[in-house]
Amino acid sequence: MAFDRSLKIAPSILSADFANFGAEIQAVEAQGADWIHVDVMDGHFVPNITFGPDTCKAIRPHIKTVMDVHLMISPVDAYIDAFAQAGADFITVHVEAGAHMHRTLQAIRSAGAKAGIALNPGTPASAVAPFMDLVDLVCVMTVNPGFGGQKFIHSCVEKVSDLRLMIGDRPVHIEIDGGVTPETAPLVHAAGADVLVAGSAVFKGGSVVDSAPYGENIRAIKAACKA
Ligand code: DX5
Ligand code: ZN
């Protein structure tokens with residue numbers, strides 16, 4: 001997959017029907033999702049538990065676009081190979097989740113996946129500066145991770161601009177995760193973000209039997225960014 005900075009919407013299956021991931025993924029991709037964002041939580045790094053590598057492996061055949069796995073787990077190193085073998089295209093780890101980030105990021109690439117680094121809202125952009133040549137994606141959390149449907153933290157927008165300057169010409173995506181809506185998306189897109197994760201804003205109002213709202217919701221976010 002060639003690098004490009006065009007706007008991409010990555011629906012988070014955290015807001016999908018957990019009993020129906022395969023059909024949900026097929027529905028949201030048919031409705032225009034560019035990537036599929038997969039939130040892995042351990043009840044330790046974040047106060048919520050979702051699922052692990054076996055679920056990722058089970059849903060992989062249903063994903064035709066890009067499997068973007070966001071690991072909200074600590075420790076993380078022992079699990080990287082399992083998520084890579086489950087078919088993750090991107091594996092994103094939190095800079096706050098381990099003391100040996102160079103090793104962690106190198107392990108992701110060695111396992112054959114693209115490497116992402118995420119920052120919590122309280123973490124400054126400078127925390128990821130040492131890793132710019134080791135990553136393919138920087139994920140700016142615009143809520144404190146753990147749950148869908150939280151309110152966008154506006155003070156994170158300036159951090160996106162700082163990271164865009166830091167990245168320069170490197171082929172590194174800027175992803176935004178948390179509270180993305182047609183109201184907040186244009187702010188971060190204008191600041192330099194190209195991948196917008198959206199859970200509740202994409203899945204609201206729809207279902208696998210009535211998936212048209214997924215498409216309307218995706219198009220509303222994209223249209224707001226272009227306006
Ligand atoms: C939050 C997760 C997000 C979440 C976003 O901890 O990392 O991916 O699903 O959900 P919304 O878009 O509802 O804020
Ligand atoms: Zn996420």
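Q: Strands are DSSP runs of E with at least two residues, and they are numbered from the N terminus; in which strand is His70 found?

A: This is a predicted model, and everything that follows should be read with that in mind. In it, His70 is found in strand S3, which takes in residues 67-72.

Q: Is His70 buried or exposed?

A: Burial is read from the relative accessible area, and the cut-off for calling a residue buried is under 20%. His70 has a relative accessible area of 1%, which is why it counts as buried.

Q: How many bridges join S2 to S3, and which way do the strands run?

A: Pairing between strands is read from the bridges that DSSP finds between them. S2 and S3 are joined by six bridges and run parallel; to follow one of the bridges in the structure, look at Val38, whose partner in S3 is Val69.

Q: Which residues coordinate the zinc ion (ligand 2)?

A: To read a metal site, one looks for the donor atoms and then for the residues that carry them. For the zinc ion (ligand 2), the coordinating residues are His37 through NE2, Asp39 through OD, His70 through ND1 and Asp177 through OD, at 2.0 to 2.3 Å. Along the chain, the donors follow the spacing H-x1-D-x30-H-x106-D. Asp39 lies in strand S2 (residues 36-41) and His70 in strand S3, so the pair ties together parts that are 31 residues apart in sequence. Both Asp39 and His70 are buried.

Q: Why is the arrangement of the six donor atoms around the zinc ion (ligand 2) octahedral?

A: The shape is judged from angles: six donors count as octahedral if opposite donors are over 155 degrees apart and all others lie between 65 and 115. Around the zinc ion (ligand 2), the six donor atoms subtend angles of 69 to 171°, which makes the arrangement octahedral.

Q: How many residues surround ligand 1, and which are the closest?

A: A ligand site is read by listing the residues around the molecule and then looking at individual atom pairs. Ligand 1 is surrounded by 20 residues, of which the closest are Asp39, Gly146, Gly149, Asp177 and Ser200. Asp39 and Asp177 are also among the residues that coordinate the zinc ion (ligand 2). A polar side-chain atom of Ser12 lies 3.0 Å from an oxygen atom of ligand 1, while the side chain of His70 has an N or O atom 3.3 Å from an oxygen atom of this ligand. For the side chain of Ser200, the corresponding distance to an oxygen atom of ligand 1 is 2.5 Å. The protein covers 100% of the 380 Å² of accessible area that ligand 1 has on its own.

Q: Where is the peptide bond that is cis, with omega near 0°?

A: As a general idea, most peptide bonds are trans. In this structure, the bond from Ser74 to Pro75 is cis, and Pro75 sits in the loop between S3 and helix H3 (80-85).

Q: Is Gly179 buried or partly exposed?

A: The relative accessibility of Gly179 is 22%, and therefore Gly179 counts as partly exposed. Gly179 lies in the loop between strand S7 (173-177) and helix H6 (185-190). By contrast, Pro213, which has its place in helix H8 (residues 212-226), counts as buried because its relative accessibility is 12%.

Methods: Residues numbered from 1 in each chain as written. Chains lettered and ligands numbered in written order. Predicted model: local features only at pLDDT ≥ 70, side-chain atom pairs only at ≥ 80, totals over all residues. Heavy atoms only, no water. Donors = N, O, S within 2.8 Å, 3.2 Å for Na, K, Ca; no water. Tetrahedral: all angles 85-135°; square planar, octahedral: opposite > 155°, others 65-115°. Helix = DSSP H or I, 4+ residues; strand = E, 2+ residues; numbered from the N terminus. Buried < 20%, exposed > 50% of the residue type's maximum accessible area, 1.4 Å probe, protein only. Near = heavy atom within 4 Å. Polar contact = N/O pair within 3.5 Å; in protein donor to acceptor, adjacent residues only side chain to side chain. Areas by Shrake-Rupley, 256 points an atom, 1.4 Å probe, with all protein chains shown as cover. Pairing = 2+ DSSP bridges.
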